[in-house]
Amino acid sequence: MLKAQIPSIALEGRVDLHCHSTASDGILSPAALVSRAKSQGVTLMALTDHDTVAGVAEARDTGARLGVAVLAGVEFSARWGRRTVHILGIDVDPASAALQEAVALRDRLREDRSVRIARCLEKRGFPGSLAGARALAGDGVLGRPHFARWLVESGYVEDTARAFKRYLGAGKVGDVKVEWPQVEETVGTIHAAGGSAVLAHPLKYGLTRTRLRLLLEAFRGAGGDAAELLCGRQNPVQTRELRQLLDAVNAESGAAPLRCSLGSDFHQPGQPWRELGCVHLPADVEPVWAARRP
Ligand SMILES: [Zn+2]
Ligand SMILES: [Zn+2]
């Protein structure tokens, strides 16, 4: 992503480089999402749906009409050791063959996972979850949040948080493993599509400080461009600690230092701490849009 390609006026308002629409598990259509961003003072945003760029064209059309610069983005699931991490591709070319291939592969992996989740839920006495989750996803990418919503709407649990806690979260019956492509491969895909690779929400993987440092080092070693210093709900102490870790990792010799990115990870209205454009980067960090790869 080159700063020269971003109109300077787009950097005068709020920036939000991580949000979701109905193309994956968000509640708002791409057009409604961009309108909402506009009303929140956002002037530069990236639509980063899970494993798809299907919403980008609509978001860009709306952005062009409303005066919001919309970058094409995606949030890929990737494998780091035995864990799943999320890597954002920011300012990618949605038509690139590498990107399309990666999206198609993840489609197959998600489909396979959904069938296995449904089978597990059926064994627990919840039949019909695959059709139900699919209906909720509509044309969007099917994910665990749709199963969670189906469990709520069918009256099996009170809310989606409990659906994850009891049935879909780590170690529960619907927690089926997926062999996502590795971090290195995913960064390579994003670069091949002309984008910047950003490690999403580093604080949300439940890692110890030592493990988080290893992840940041691995991501930098894999050619990653930036990490989200700020994402959604995060207190200032956490942000300060993450900043210190990033500084320490960047002080090591090796690949180019990781820049900083930011985003709300907005999925739906009514979550006050995850409103679009709700976070700001400190002035003294190198933002991802300043990154220049040779
Ligand atoms: Zn994520
Ligand atoms: Zn996200």
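Angles under 35 degrees count here as roughly parallel, over 145 as roughly antiparallel, 65 to 115 as roughly perpendicular and the rest as oblique. The structure is a predicted model, in which local features need pLDDT of at least 70, side-chain atom pairs count only at pLDDT 80 or more, and totals for chains, interfaces and linings use all residues. Residues are numbered from 1 along each chain as its sequence is written, while chains are lettered from A and ligands numbered from 1 in the order of writing.

To begin with the overall picture, the chain contains nine helices and seven strands, both being DSSP runs numbered from the N terminus (helices H or I, at least four residues; strands E, at least two). For 294 residues, a compact globule would have a radius of gyration near 19 Å, and the 18 Å of the chain agrees with this; the radius is taken over C-alpha atoms, and the globule rule is 2.2 Å times the number of residues to the power 0.38. The C-alpha trace spans about 55 × 45 × 40 Å along its principal axes. Of the contacts with a separation of 6 or more, 72% join residues 24 or more positions apart, a contact being a pair whose C-beta atoms, placed from the backbone, lie within 7 Å.

Two domains are assigned, domain 1 (3-103 + 180-290) and domain 2 (108-168), with bounds from an automatic or database domain assignment. Their centres, taken over C-alpha atoms, are 26 Å apart. Nine residues from domain 1 and eight residues from domain 2 form the contact.

Helix H5 (residues 144-153) and helix H6 (residues 160-168) have axes that come within 9 Å and cross at roughly 105°. Axes are lines fitted to C-alpha atoms, for helices over the stretch in contact, and angles run from 0 to 180 degrees between N-to-C directions. The two helices, H5 and H6, are therefore roughly perpendicular to each other. Among the residues making this contact are Phe147 and Leu151 of H5 and Phe164 and Tyr167 of H6.

Finally, aspartate 49 lies in the loop between strand E2 (42-47) and helix H2 (56-66). Aspartate 49 counts as buried because 25 C-beta neighbours lie inside 10 Å (buried: 20 or more other C-beta atoms within 10 Å; exposed: 12 or fewer; partly exposed: in between; C-beta atoms placed from the backbone). Beyond its neighbours within four places in sequence, aspartate 49 is in contact with residues including His20, Glu75 and Val141.

How values were computed: Contact = placed C-beta atoms within 7 Å.
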